[in-house]
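This report walks through a protein structure strand by strand and then steps back to the whole. Please keep the sequence and the 3D view open while reading.

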2 protein chains.
Amino acid sequence: MIVTDLRVTPVAIADPPLRSAFGLHAPFALRTIVELDTDEGITGLGETYGGAAPLAAFAAVRPLVVGRDPYDLTPLRLDIERRGAERADGWAWEARRFGPAALFSALEVACLDAIGKATGRRVCDLLGGAARERIDFAAYLFFKHAGDDPWGEVLSPDAIVEEARTMRDRYGYRSLKLKGGVLDPDLEVQSILCLREAFGSDVPLRLDPNAAWSLATAHRVAARLAGALEYLEDPVPGIDGMSAVAAQAPMPLATNMCVTAFDHLPEAIAKRAVAIVLSDHHMWGGMRATVELGRICRAFGLGLSMHSNSHLGISLAAMTHVAAAVPELTFACDTHYPWQTEEVIAGGKLAIEDGAVRVPSGPGLGVELDRDALGALHERYLRAGITVRDDASEMRKVDPSWRQHVGDW
Amino acid sequence: MIVTDLRVTPVAIADPPLRSAFGLHAPFALRTIVELDTDEGITGLGETYGGAAPLAAFAAVRPLVVGRDPYDLTPLRLDIERRGAERADGWAWEARRFGPAALFSALEVACLDAIGKATGRRVCDLLGGAARERIDFAAYLFFKHAGDDPWGEVLSPDAIVEEARTMRDRYGYRSLKLKGGVLDPDLEVQSILCLREAFGSDVPLRLDPNAAWSLATAHRVAARLAGALEYLEDPVPGIDGMSAVAAQAPMPLATNMCVTAFDHLPEAIAKRAVAIVLSDHHMWGGMRATVELGRICRAFGLGLSMHSNSHLGISLAAMTHVAAAVPELTFACDTHYPWQTEEVIAGGKLAIEDGAVRVPSGPGLGVELDRDALGALHERYLRAGITVRDDASEMRKVDPSWRQHVGDW
């Protein structure tokens, strides 16, 4: 089997005005849809980060991909890493936002989808087989502004409980994650305590202020939330900061910010900075890399959860397959999926029931493109004129005095 | 695809009287040949350790294997680990010699061979693709007694140089490994210096006394061999001992004794006990596990080489495929293969040319069974009456006063 064409289509999908420590989600989130055609008439699908950087990176490595056997993934990865190290063809500055790990990951997913379709096997089977058939996800609770969506403004503890109630009713979630770093830390503490009171101790809670807090705030919040959190995610920036918080916090710390690549693991482990790593195949170098991360976490006694960005159904299918194949992934995964009402896959959005997504049963990822939907969302991308995510600028349109907290709240 | 039968055949293969710190190789080395039949008429092959322990372990897990899809490897591994933890069915004591990692590995190899044959792909491709097509091996030099072989007695520095010369002439090896822990440490130092003089500094040398030495001896040998060794393997027992030697030794230390499982890595890394890990898919839980070990070594800055036991061509093919798929495996691998003149694969022994083995090009492992040869070697097993390797007893037949040095030479 040989790759005959690599097609990448940027799309813009409607996104509600969600808040985080980085600012405010713009009306459109950007994604890139990857299609790898093969000489067997099979097309493999992938989905990754959006905007100008991935487009430039895909263009730079196109000659490494077309003409290659989709099974030859490790050689492709090594070639991309070398190319990234050389930083040729104007890829240099783009690589800051979309480096070799992310680039290879998107191509690996599409290759594995093609292999699965060619052999009649699911991607999770190609990764070693499914340790589970239903993947638990956590409700991803956001503070938000009122917008063109049915959720209304959510900027108080009471409103977040209401949002959680609707999420639970609609999707059956059995874990709740609150995106923090938005309100005053004391209000976020109060939000967690209100969630605990509303849903009881059987519903694990998580809080993620995206490293907005100071050490003093993190220590205070951690002490106040003793017994209330399954884990506290990225309270402060950096491995040293996390290590200092971890030494006193009564709950485990998790991260998708200070450990985002294999190279970060040795220092984080030596300094006992985190107890739980949030995997993300888009960021960590692919699906096999995530299986390998699982092995490392098991060997070093770390827990494993999963991070999410705004995404569509191809990414959800890939997340589901990889989560099935990684036995160490015992925490419910994050997903923004219900916040995005649009879709590029045929048949509409994948179902979340009882807080879980079933691993698709078809070959490969088990999803197919809806070309009309893809075309419409690509048109939207061309019209929207956004080529890079910038939540801070979006936030300043609403509140010109807003500034991002990074370890100083 | 479903596994319809699991057949395991113990064999005994002629082995020369090779010496090591453990004693003397018996006239026969034991191996087990694994055959997994499937409902598609395809049979997957594997090879692993020999004797009674593997046979008992395979029998204990047979119900976990037959009826399963060969793609469902991670679930099989988890089931075997659970079964090993329960230690049911008399497997308890056998597991000391042949635990879940070794057992799963043998089954994984056979499943991957079956998948490769079913899909027309090489096993290395199923592991992510080949980073290299020729796998470098090191000549495995042994002190030995005279026996029913053309090598004669080799118990001096001059004789080992002669053995190395023949090995180089015959197989083109470009690295040399000396199995030590046999002669007085000073004679082994002299052997290395003679090899260096005979072959020059372009030929990397290694010395492996299998943890026979004391700390004092290890320090003295390491100092005397400064600049002469690519690495020094297992000079002393245990992670703490290795750590003490590593702190002073001018060359990197390697191990296949104090780090033989993922669980050993955290302590070894924290104590900087070794610079190079010797992988072995038979021991480390399989081929995918070895790929994962490669990722760990890369992340933690460890080198990766490969360990060997006496083995046949199915194991060599598997070692070659996994070495092809692990880019981090940059050191020439160990193999006893030329010491075993018998074979169970059709077409006779795989070729070692220019010190390297080409990854077999056929589907799966790329080797097939010679059933007549298998039958003959199985008959030999039944006649030989050996069910466990015991180099110490074999040595005492020759020298009743011999005792094994463990960290005290």
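## Parallel strands near the end of a run

In chain B, strand β12(B) is joined to strand β13 (residues 303–306) by four bridges, and these two strands run parallel; helices (H or I, at least four residues) and strands (E, at least two) are DSSP runs, numbered from the N terminus, and two strands pair if DSSP finds at least two bridges between them. Within this pairing, Ile276(B) has Gly303(B) in β13(B) as its bridge partner. The model is a predicted one, in which local features need pLDDT of at least 70 and side-chain atom pairs count only at pLDDT 80 or more, while totals for chains, interfaces and linings use all residues. Residues are numbered from 1 along each chain as its sequence is written, chains are lettered from A and ligands numbered from 1 in the order in which they are written, and side-chain values use heavy atoms, with hydrogens and water left out.

Strand β12 of chain B covers residues 276–279, with Ile276(B) and Leu278(B) pointing one way and Val277(B) and Ser279(B) the other, and all of them are buried (under 20% relative accessible area, where exposed means over 50% and partly exposed lies in between, with a 1.4 Å probe and protein chains only). Two bridges also join β12(B) to strand β11 (residues 253–255) of chain B, again in parallel, and Thr255(B) stands opposite Val277(B). Between β11(B) and β12(B) the chain passes through helix α10 (residues 265–270), and this β-α-β crossover is right-handed, a term used if, with the strands pointing away from the viewer, the path from the first strand over the helix to the second runs clockwise.

Four bridges join it in parallel to strand β7 (residues 139–142), where Phe142(B) has Lys179(B) as its bridge partner. β7(B), helix α6 (residues 157–171) and β8(B) make a right-handed β-α-β unit.

On the pairing with strand β9 (residues 205–208), β8(B) again runs in the parallel sense over four bridges, and Lys179(B) is partnered there by Asp208(B). The crossover from β8(B) to β9(B) goes through helix α7 (residues 185–199) and is right-handed.

Beyond its neighbours within four places in sequence, Val367(B) is in contact (heavy atoms within 4.5 Å) with residues including Leu45(B), Lys117(B) and Ile345(B). Ile345(B) is 22 residues from Val367(B) in sequence, yet their C-alpha atoms are 6.4 Å apart.

## Two chains together

Between the chains, 35 residues of chain A are in contact with 35 residues of chain B. The area buried between them is about 3,000 Å², of which carbon and sulfur atoms give 54%; buried area is the accessible area (1.4 Å probe) that two parts lose on being put together, summed over both. Tyr71(A), Arg121(A) and Arg295(A) supply 23% of the area that chain A buries against chain B, more than any other three residues.

## Confidence

The predictor gives the complex an ipTM of 0.95 and a pTM of 0.96. For chain A the mean pLDDT (the predictor's confidence in each residue, from 0 to 100) is 96, and 98% of its residues reach 70 or more.
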